[in-house]
Amino acid sequence: MSFRRRGDVVGGRGPVPMASNPMLNRTAAPAGMRTPMTRTGIIPTRGEGHPNISPVSLDQKSKEDVFKHLGLKPSIALSNINCVSTGTKDIDTILIHGGLPVNCSLLIEEDGNTDFSGILLKRYVSQGIVQNRKEGKIVNHCIAVGMESNFGNELPDIYAGNSKERKKKLVREQEGKMSVSNINAGNDLKIAWRYKKDPLAKEDDSISSNASDDSKYPDYNHDFDITSKITPSPGPTEISYIRLDGGYDHVIFEIKKTVERELKDKNKMIRIAIPYMLNPMVYGCEDLVEFHSVVRFLYELRRIINSYTGRITLMASTSSELFEGTNVLCSLENLIFDGVLRLVPFPHELNILMEKVYKTQREKIKQGYVDVYRVPILSGMGLMEKRLKEYSFKNSKSKFHIEQWSIPVEEEDVDEKKNSEF
Amino acid sequence: MASASDLQEQELSFYQGNIHSLIAPENSISLILHEPANYPSWLISGIIQQSISSNNECYLSQQSPAYPKTPSSTFFYSFSETEQTYSKYFLKYITQNKSLFQFISPLTDSTISIESWNKSIITKVKETKTKDLTPVVILESPELLLSIIPGLTIPKLLTQIMEIQKYATLYIALSTDLINSSELVISLLHRSSIILSLTSLTTGRADDISGVLSISKGPIHNEDINKKLVSFKIADRQFVYFVSANGYVDQWFASVSMPMKLIIIGLTTVYESLEIKSLCGLFTNGKKSPEQFDLSMAFIIFRNILEIHAIKAMVGMLI
C-alpha cells in the first residue's frame, strides 16, 4: 500500500492517457508574460531590455498583476502558458495542454455528412456563457462568425446528471442547510471519520486524477447536455453575431471593433467561434471561398488574436470532405491554425462489425476516429504529435467521449468454430 | 555495438571538418524543407544560437570545441509562428549576445507592413553588415506571403528573396506539403547550397523519435558564391532526432543521406544537359533577373521532362 500527499497528482486511468503532469500545482501565469520577446522581438538580456521580460520583473509581475479568470488554467505541458477549456473535457485532454492555450486557434475538421464538429463549437461557446452565469458577471464575450441569433438559442446547457445524481445533489443541498439533524450528522462524521465508509468520497476517488484538478478549477470546464438549451439565451453583452454579408474586410472590421470594445474591461476574455467555415450553405461558392482571400482573412484574424496577449482564443470547424487535397485545407492545416483535429466517422462496414461485436456492451460502440494533426505550440516546437487512427469518439447526450482506439475482435465466431469442431 | 567513432557522429554538423558546423557560407541560401508534422523550430534555434555565439556554442553540437568566433547579427522573420512557439528554446539556449538577435513576426507586431517586408529586412541587414561580417537572416514560411500580399507572384517573391541574399546569409524554412507553393520550393531548391529536410518516420509516429533530418548538397556550389570559402564541404548524412516538450533535443547519426542527394544530382544533371540553367534561375551572381522570364511557366513546361530525366538519372546511378 502506498500513500500520496493530498496535493500530488494521481496517474490518470481515464479513457485517454494524460501526459505526465509535473506542473499541475502551478498558479495561472499572468497575462502578458507568455512571450519572452518584446514587441520588436529583441530578447532582453538579464536585467536589461524590456521590463516585462527579465526574470526579476516576471516574478514581481506575477505577484502584482496576475490576470485572474475562472476559465483559465495553466498548461500541463508548458510553463507560463494558460489554457481555456474547449467545452469538451476529452478534447482538452488530447490537446495535451489540458485545454486550448490562449492566443491559439483550433480547427476541427470533419469528414462525411455528420455534424459532430458543430456540436463541439456550440460546447466551446456554451462554456464561455456558463462561466458568465457562474461568476454572476460577464467575464467572457463570444463572437460567432457567419451565424445569426439562432445559434445562441441552440447552445447546450450544463448537464444536470441522471435522476440518481440529481437526487444525490438534492440531498447534499439539504445537508448543507442548518438544522438540528444535520449538526448531529456532522458530529457523527467527526468521531468516526477514519472508519466510516463515505460513499461520496469513494465516488470522488473513482473520478481519479480529474477530481483534484476540478476542485482547483471548478468552473474551468463542464459537461453539457446537448438536448437542453441555455436559458435565458445569451444576450448581446455575452455574444456577438458577425454576418458575412460585407465580405471578409467587413468581418475583420467588425471583429476588431468588438474585441476593442469588450477587452476594455480588463477581466474579460474573448472566444471566437467560426462554425461551418467555408461551407457553401453559409459562405456561398464565390469570393468567400477563394483561396487567397480565405488565407488573408484568417491571417488577419490571427493577428487580432495575438495582439491581445492572454485574452483571446479561436475555434473553427470545417468540412474536410469538401476541401480535401485543396490549397485551402493544406494552408489551414499547416500554416494558419495552431491546432488541427479531424473527426472521421467510421465506414459503414466497421459500424456493422461493432454492432455485432458489442451486442451486449452498447456503450463500447464508437462513432468514428479522432485524428490529431497538430497540437497548439508543441507541434510548432518540433514535437511529432500527428496521431492518426489512435483515438475514437462517441457523442452522447452529456459527453463527447474520446478514448484510445482498439480494433473490435469477433470472439463469438471463434467460440462457435470451436464448438462446431467438437 | 557503439564505438567512440560512432559517438562523434552524434554531433549535428552540416559541413565536414568545419568548426562552425551549422553556419552556412556568406550570401548563400540554405533551404530547410519540412513536412507538416515536423517543424524545424529546434533546428532554427540551434542555428541562431551558433550564429550569435562568440565561442561557437550550439546545443545541437555540444561536444564541438569552444572556438572564438565573431558573432553575427541574426534576424529571424517568421510569418507563421509567434514567439510563444520559440519561447522555450530562446529562454534556454539564446543566452549569449542577445542584443544581436531579433525575432520579428507580423502576427504579433502590428506595426510591420507586410507589403514592404523585404525592404525592412534589407534596411536592418544593411545597418549591421560590415566588411568582415555578413548578418544571418532566417525566413520561416515565406510562402504565406503569396496569399497575404495581393498580386504577389512567385517570380516577384523570388526577386525579393534574392535581394536579401545579396546582403545576408539566408536560411529559408518551407513546408513541402503546400500545393500552391510547390513551384516556389522547386525554384528555391535550385538556388540553394544546402538542403535540410525534416521528415516523419516512414513507419509512422514513434514515442522516442520525432523524425529524420537529411542533410544534402544543393545545386549551388559554395565556391561559386565566394571564392574564399571553398572549404564548406557538405556532410551528406541523415540523423534521427527526438524533440521533447521541455526543449531538449537529441539527435543520432543514422546514415549517409542518399535519396535526396540522388534527386538533386539527377535534377542538376538534367538541367545542365538541357542548357536551361540560366532559364531556371541558377543566377546567384545577379547576372539575370527572375523577372526577365516567367519562372512559373518555365517550370510547368519543364517539370514533367525533368522528373522523367531525374528518375532515369537516379536509376542509372543506382545501377
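1. The model is predicted. Chain A contains 15 helices and 14 strands, and chain B contains ten helices and eleven strands. Of the 422 residues in chain A, 40% are buried; for chain B, the share that counts as buried is 49% of 319 residues.

2. Contacts along the sequence. Consider pairs in contact whose members are at least 6 apart in sequence. In chain A, 72% of such contacts join residues at least 24 apart. In chain B, the corresponding share is 73%.

3. The contact between the chains. Chain A contributes 39 residues to this contact, and chain B contributes 45 residues. On the side of chain A that touches chain B, α11 (291–307) and α13 (327–336) each supply at least two residues. The most is given by α11(A), with nine residues. By class, this side of chain A comprises 17 nonpolar, 14 polar and eight charged residues.

4. The nonpolar core. The largest nonpolar core has 156 residues, and those with the most contacts inside it are Ala273(A), Val137(B) and Ile172(B). Helix α11(A) supplies the largest share of this core, eight residues.

5. The surroundings of Ala273(A). Which residues are in contact with Ala273(A), leaving aside its neighbours within four places in sequence? They are Leu121(A), Tyr124(A), Val125(A), Cys142(A), Ile143(A), Ala144(A), Val145(A) and Met315(A).

6. Strand β11(A) and its partners. Strand β11 (residues 339–345) of chain A is largely enclosed by the rest of the structure, because six of its seven residues are buried. Strands β4(A) and β11(A) run parallel and are joined by five bridges; within this pairing, Leu107(A) has Val340(A) in β11(A) as its bridge partner. Strand β11(A) is also joined to strand β12 (residues 368–374) of chain A, here by six bridges and in the antiparallel sense. In that pairing, Leu343(A) has Val370(A) of β12(A) as its bridge partner.

7. A three-strand sheet in chain A. Strands β1, β2 and β3 of chain A form an open sheet in the order β1-β2-β3, with antiparallel pairing. The edge strands, each pairing on one side only, are β1 (73–74) and β3 of chain A. Two bridges link strand β2 (residues 82–84) of chain A to β3(A) in the antiparallel sense. The bridge partner of Cys83(A) in β3(A) is Pro101(A).

8. Helix packing in chain B. Helix α6 (residues 154–165) and helix α7 (residues 182–189) of chain B pack at an angle of about 40°, and their axes are 10 Å apart. The crossing of α6(B) and α7(B) is right-handed. By class, the contact of α6(B) with α7(B) has four nonpolar, one polar and one charged residues.

9. Positive phi values. Asn103(A) is not a glycine, yet its phi is positive, at about 65°. Asn103(A) is located in the loop between β3 (100–101) and β4 (105–110) of chain A. Is Asn103(A) buried or exposed? Asn103(A) is buried, because 28 other C-beta atoms lie within 10 Å, against a cut-off of 20 or more. Lys389(A), also a residue other than glycine, has a positive phi near 55°. Lys389(A) belongs to strand β13 (residues 387–395) of chain A. Lys389(A) counts as exposed because it has 12 C-beta neighbours inside 10 Å, and the cut-off for exposed is 12 or fewer.

10. A cis peptide bond. Where in chain A does the loop with Pro232(A) lie? Pro232(A) is in the loop between β7 (224–225) and β8 (239–242) of chain A. The bond joining Thr231(A) and Pro232(A) is a cis peptide bond, with omega of about -10°.

Note on methods: Residues are numbered from 1 along each chain as its sequence is written. Chains are lettered from A and ligands numbered from 1 in the order in which they are written. This is a predicted model: local features need pLDDT of at least 70, side-chain atom pairs count only at pLDDT 80 or more; totals for chains, interfaces and linings use all residues. Helices (H or I, at least four residues) and strands (E, at least two) are DSSP runs, numbered from the N terminus. Two residues are in contact if their C-beta atoms, placed from the backbone, lie within 7 Å. Axes are lines fitted to C-alpha atoms, for helices over the stretch in contact, and angles run from 0 to 180 degrees between N-to-C directions. A crossing is left-handed if the near helix is turned anticlockwise from the far one by less than a right angle, and right-handed if clockwise. Ala, Val, Leu, Ile, Met, Phe, Trp, Tyr, Cys and Pro count as nonpolar, Asp, Glu, Lys and Arg as charged, and the others, Gly among them, as polar. A nonpolar core is a set of buried Ala, Val, Leu, Ile, Met, Phe, Trp, Tyr and Cys residues joined through C-beta atoms within 7 Å. Two strands pair if DSSP finds at least two bridges between them.
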